[in-house]
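Colleague: Can you walk me through this one? I'm new to reading models.
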Amino acid sequence: MDMNTGTGTGMGTGVSAGGDTGARMTIGRLAEITGVPASAIRYWERHGLLPAPERQSGQRRYPPEAAGRIVILRKCQQAGLTLVEIREFQQEQTRRQTMIRAKVAEIEQRMVDLEHAHQLLNHALLCGEQDIVRCPKFQEQMATWGVPGPAPGASAAGPEAGSAPAAASPLP
């Protein structure tokens with residue numbers, strides 16, 4: 001699909017406008033088949049994320065491929081792109097490259113952070129310490145990621161059997 005014109009086959013979107021491929025649909029029908037409120041569709045139009053549809057007797061009439069475009073917009077939102085980033089995403093490849101690289105780096109950092117949280121929470125489930133912050137294993141994991149411990153001179157005990165390894169990419 002050409003993100004600038006909104007044209008394309010709509011293949012692979014999981015959304016079908018049904019009927020004749022040349023048939024135009026109202027905003028109500030488009031909202032119904034995509035599960036997106038009509039107010040969101042109008043909002044995206046006003047902000048240049050969707051091309052302005054044709055009008056018949058004053059009513060918006062959307063081509064079938066508009067449903068696929070809306071699915072893509074929703075996926076971009078679910079991926080964490082802001083409206084500004086989605087607009088940039090729709091530009092030609094050379095313009096969107098910088099934004100995409102920055103977003104990939106942001107997502108990779110979130111993945112590292114989530115892996116750290118996962119390891120700490122799993123450890124907390126098994127930890128027998130009364131105060132988890134004073135747990136040597138907890139302190140060791142925090143030190144591995146470059147996070148200062150709660151108390152200077154904390155014990156640096158070796159890894160516990162069966163514990164999850166530190167993430168390959170420690171926090172800065």
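Modeller: Here is a short chat about confidence, cores and cysteines.
Modeller: This is a predicted model, so to speak of local features we need pLDDT of at least 70, and side-chain atom pairs count only at pLDDT 80 or more, while totals for chains, interfaces and linings use all residues. Residues are numbered from 1 along each chain as its sequence is written, and side-chain values use heavy atoms, leaving out hydrogens and water.

Colleague: What is the mean pLDDT of the chain?
Modeller: The mean is 77, and 73% of residues reach 70 or more. pLDDT is the predictor's confidence in each residue, from 0 to 100.

Colleague: Where does pLDDT stay under 50?
Modeller: Over residues 1-21, and over residues 153-172.

Colleague: New topic. Which residues touch the most other members of the largest nonpolar core?
Modeller: L30, I41, W44, Y62 and I70, out of 20 residues. Such a core is a set of buried Ala, Val, Leu, Ile, Met, Phe, Trp, Tyr and Cys residues joined through side-chain atoms within 4.5 Å. Buried means under 20% relative accessible area (1.4 Å probe, protein chains only).

Colleague: Which helix gives the largest share?
Modeller: α3, with 5 residues. Helices are DSSP runs (H or I, at least four residues), numbered from the N terminus.

Colleague: And what else is there?
Modeller: A second, separate core has 6 residues, including C127 and C135.

Colleague: How many disulfides are there?
Modeller: A search of the whole structure finds 0. A disulfide needs two cysteine sulfur atoms within 2.5 Å. The nearest cysteine sulfur to C127 is that of C135, 3.6 Å away.

Colleague: Is C127 buried or exposed?
Modeller: C127 is buried, with a relative accessible area of 18%.

Definitions and conventions
Buried means under 20% relative accessible area, exposed over 50%, partly exposed in between (1.4 Å probe, protein chains only). Helices (H or I, at least four residues) and strands (E, at least two) are DSSP runs, numbered from the N terminus. Contact means heavy atoms within 4.5 Å.
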